[in-house]
Every structure is written in structure tokens, then in C-alpha cells.
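Colleague: Hi, I'm new to this one. Could you walk me through it?
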Amino acid sequence: MAEQLTPDLCVIGAGSGGLSVAAAAAQFGVDVVLIERDKMGGDCLNYGCVPSKSLIAAARRAHTMRASGPFGIKPLEPAVEFDRVHDHIHEVIAAIEPNDSVERFTGLGVNVIKGEARFRDKETVIADGREIKARRFVIATGSSPALPPIPGIERVPYFTNETIFDNKQRIEKLIVVGGGPIGMELAHAFRRLGTEVAVLEAFTPLAKEDPELAEVVLRQMESEGVEIISDARVERFEPFGDRVQVLFARGGQSYSIDGSHLLLATGRRPNIEKLNLDNAAVRHDRTGIKVDKGLRTSNRRVYAIGDVTGGLQFTHVANYHASVVIKNALFRLPAKVNEEILPRVTFTDPELAQVGLTEEEARKKYRKVHVYRWPYSDNDRAQAERATDGFLKVITTRRGRVIGASMVGEQAGELIQMWSLAMHKNMKIGALASIVSPYPTLAEINKRAAINFYTPSLTNPMIRRVIGLLRKLG
Ligand SMILES: Cc1cc2nc3c(=O)[nH]c(=O)nc-3n(C[C@H](O)[C@H](O)[C@H](O)COP(=O)(O)OP(=O)(O)OC[C@H]3O[C@@H](n4cnc5c(N)ncnc54)[C@H](O)[C@@H]3O)c2cc1C
Ligand SMILES: NC(=O)c1ccc[n+]([C@@H]2O[C@H](COP(=O)([O-])OP(=O)(O)OC[C@H]3O[C@@H](n4cnc5c(N)ncnc54)[C@H](O)[C@@H]3O)[C@@H](O)[C@H]2O)c1
């Protein structure tokens, strides 16, 4: 007979979301079973954020060598050793891995089961020959690359995010299909490592972002030699000697392009197919598991978090979901997801960061909004760093409540956090104008945009009269 376990909580998937739930619950003394079928750490550690940001860091070093001319340092074409870049990526993963390891979680008191989980019925999960009947279940099984059904795909070799970070060879020419964050971040990084890169995008690259910001990124990538082909309908892949040929249509014309390697970055699909969700009466469709604002599924014992819910697919969102579920499932507090405060960053160079509504979304939702802007070129530190391309836009209601911020430029991903705080705390933009920012820092861009809020008062006749009166008082 199968071993039976009856924990308080059973978490399926040990990626960003599942690990956060399991760690927090165990630290509160809750009896937790955590099931993982592949590597601890999930996509983010093994095939996503960590390897991609490590690759981008290597690419940035290469770019710095080439772009040092304006600083008075003779530029050099870097000798990129792809096998060493691979080692760097895997050293970074190895450095972080212990935080996500079976040993650490077992030490926290979590019962980690290696195996694939599936529901037998509404209250039982089977994994590794064991039967788990938990008080609550959390599904955190993430997502996988969605491969496009393009003819010829089975006849050509290709990378996805699950294989590209294992590459040790020089990539001479990379064709990237898909101009979303995965495609664009990797396209930019490989170009900087000396690879010729072409991106084929069916519609618009970085389409989820404010086009005014996306344009700054696209311009920079193109200036570095990334070929970006939008509105390209890929029709077929063909082997072409030891290369790959991609045939596509654009504006009614047929084209072909060939490369030494192909990367498919055409979106994600939720990891639900092995879970037998129907046995558990958990409602789902091809975009993911359906949840309410408290992340509960159609089965009241079962929650779902992170990528598998098909919403915003980011590590910090999976972590945030984990905190909502902990409040709901353990403390029975009526916690709800607030999507409005969730930031996102695309780590191209310049970085593109967004929190809250874009200008276009805000104009659709509110009758009147204000937009406060500040360019990098009016920041002294940006001038010193020669990182003057970019700007900040802050969007507020008529009364000055911050409802969105969009930033493109050097370290935009770090700088957006002040606006995340402002939105999280429901602050008005004026409150941020009185912050003292150290000089010279890029963070002054945030303050200068906020000061713009007071610009109309500089010419306000009433205020001028008050100042005049006060002057007369000595
Ligand atoms: C190339 C790339 C770059 C990215 N960069 C960033 C970034 O810079 N910043 C950011 O915030 N996000 C980034 N993301 C997104 C981020 O990786 C995901 O949003 C995040 O990993 C989602 O966490 P999760 O817990 O939902 O799923 P995952 O981390 O994918 O974890 C799911 C786990 O569940 C396991 N599993 C699946 N099915 C079963 C089953 N039946 N039984 C047992 N285990 C199962 C899987 O093996 C996996 O380990 C990136 C993604 C990619 C692909
Ligand atoms: N910096 C970050 O936080 C970061 C980085 C990478 C990924 N991610 C997360 O991972 C998610 C998935 O990223 P993604 O880039 O794979 O997906 P995506 O859905 O954002 O973009 C995929 C792109 O591929 C295009 N496409 C689809 N089929 C195509 C075809 N046949 N031919 C040409 N183009 C095609 C789509 O039009 C779309 O623009 C993101 O939405 C994001 O949440 C985050």
C-alpha cells in the first residue's frame, strides 16, 4: 500500500512561488510537503532570470570594452570565450543554488518529495508512489516555452530558454523568433558577445510596453547591429547545410534568412498537463489555472500561484502571490492580489521599467491625468556616465496621486522602485519632491520629475503676491 502523508500544506513545484510558500509556512511551524519533479529553484534559477541576467552581465562587460572611446580609453574588441561565459553563468547558479536546495528546505522542516505530482481526487495528490492528503494544496508548477506550430520545426535544431544557457560554443548568427522580453534580452546580450543577431517578431517587439519607451530600446539595439524585423509571419523552418533557414512573409512579400542557430522565444504555456486537474475539479484553460483575487481555485482546498495562473509572469509576482496565499491559507486573512502595484523590468540596455498604468492605459481609465517627465540628459550623473539616453514619465490623477511610472534608461530597474513604493503607499507625487537625493545620482531624475508637479505654482500670481507681502514684512 502507498505511504500516506497528511500534512497541513502540500506545495507542488519548487520554483520561485512554491519555495516562498514552503519556506514561510515551515517557519511558522506548519507541516509542509513540497513536491518537485525537476530542479529545485524552478525556471528562475535554472533556465530564466539568473542565467539570463548573468549572460547580460557578461555582455555588458564586452560592450564596455567596445564603447570606452568617448571616455578617453582606446576601445578594444573583446575576445569572448563562450565556454567561459557558460562557466560564469553556471557559477552564479551554483552560488545561489544552496538557498533553494533540498538540504536547506529539509533543514527548515519541509518534507521534500522528488517526483511528478498529479491529483487523484479533490483532496489527494500522488507523487513518487506516495499519497498526500493535505488540508490545503498550492499549485506552483510554473510555465514552459510554448513552441509555435511552424512547419519544419521538427527538422531543425533550436534553442529555448531551457537549453540556451548550456551552450558552450561560439554562436556566429542567431535567429531569434519572438520579440518579447525573453527574445529581446537574449538578442541584445548575444549581439554584445559578438554574435550576429536577427529578431523575427510576428507583430511589434516589446508590445506590452509604452511604445515611446520601447522605441529607445529598439533604437539602441539596432545601433549595435541587432536586426529587428517586425510584422514577420514565420512560415517554415528548413535545414540549410549545417545552418537553419527561416522563411517568412512580410507585407505580402516572401523572405528568407539563415543563421547558425535558432532561438524560439514565442511565449509560454502553463505547466498543467500532468496534474490531472479535472480529478480535483480545478478549473483551467490553455492560458492557465483560474483563480479568484485571493488565488483560490474552483476547489476551495486548492490555491494556484505564479506563472501557472497565466497572469503576470515574473519571479517577484510569484513571490508576492506566495505572501497572499500564506495570509489566506494559514491566517485566514482576506488577502487579495493588487496587480496595480506590481513592477516589471526588461533588462535590455537601456533597461525598461514600468509600475502601474502606462500613459495610454491611464488615459483610457481616467478622464484627466497629468504626466510629469524628466530626461536623463538633464541629469549630471547621467552626463558623467554618458548614459543620457532615456527618460522618466510619471502619471498621476488630477489630484496628484501616482498611478503609474514608466522609465527607460541606465538602471531604470533600480530607480523605478521609488515609484513602486509611492504606489504601494498610495502617495501623491508632491510628497516625493521634498526628498533629499544625494548629488550626483541618477535618482535625482525621480525627484526632478516630482518637482515638476510644483512648476505651475512658480508662476501662480497668488503665490507671487504672498511672497511680495512677506518681503515687505522685513
Ligand atoms: C529567460 C527568462 C528570463 C526571465 N527573467 C526574469 C526576470 O529577470 N525577472 C523576473 O521577475 N522574472 C523573469 N522570468 C520569469 C520567471 O522565471 C518566472 O516568472 C518564475 O520562475 C515563475 O515562478 P513559478 O514559481 O510560477 O514557476 P517556476 O519557477 O517555473 O517553478 C515551477 C516548478 O514546478 C515544477 N513542476 C511543474 N510541474 C510539476 C509537477 N506536476 N509536479 C512537480 N513539480 C512540477 C517545475 O519543475 C518547476 O521547478 C524569466 C523567465 C525566463 C524564461
Ligand atoms: N526581465 C524580466 O522580468 C523577464 C525576462 C524574460 C521573461 N520574462 C517573463 O517571461 C514571459 C514570457 O516571455 P516571452 O518573451 O517568451 O513571451 P511574450 O509572450 O512576452 O513574447 C513572445 C513574443 O513572441 C511573438 N511571437 C509568438 N509567436 C511568434 C511567431 N510564430 N513568429 C514570430 N513571433 C512570434 C509574440 O508576438 C510576442 O511578441 C514574459 O511575459 C515575462 O513575464 C520576464
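This is a predicted model: local features need pLDDT of at least 70, side-chain atom pairs count only at pLDDT 80 or more; totals for chains, interfaces and linings use all residues.

Colleague: Great! Which residues does UniProt list under "binding site"?
Modeller: The unreviewed UniProt entry gives that feature to Lys 53, Thr 141, Gly 142, Ser 143 and Asp 307.

Colleague: Where does Thr 141 sit?
Modeller: You'll find Thr 141 in the loop that links strand 8 (136-139) to strand 9 (143-145).

Colleague: And is Thr 141 buried or exposed?
Modeller: Thr 141 is buried, because 31 other C-beta atoms lie within 10 Å and 20 or more are enough to count as buried.

Colleague: What does Thr 141 touch?
Modeller: Leaving aside residues up to four places away in sequence, Thr 141 touches Ile 12, Gly 13, Asn 271, Ile 272, Leu 275 and Val 308.

Colleague: OK, what about Asp 307?
Modeller: Asp 307 lies in the loop between strand 20 (302-304) and helix 8 (315-331). Asp 307 counts as buried too, with 32 C-beta neighbours inside 10 Å.

Colleague: Switching topic: how many residues surround ligand 2?
Modeller: There are 26, and the closest are Gly 178, Gly 180, Ala 202, Gly 267 and Gln 313. Helix 6 (181-192) and strand 21 (344-346) are the elements giving two or more residues to that shell, with helix 6 providing the largest share, 4 residues.

How values were computed:
Residues are numbered from 1 along each chain as its sequence is written. Chains are lettered from A and ligands numbered from 1 in the order in which they are written. UniProt positions are given in the numbering used here, feature names are shortened, and annotations may be inferred rather than shown by experiment. A residue is buried if 20 or more other C-beta atoms lie within 10 Å of its own, exposed if 12 or fewer, and partly exposed in between; C-beta atoms are placed from the backbone. Two residues are in contact if their C-beta atoms, placed from the backbone, lie within 7 Å. A residue is near a molecule or strand if its C-beta atom, placed from the backbone, lies within 6 Å of it.
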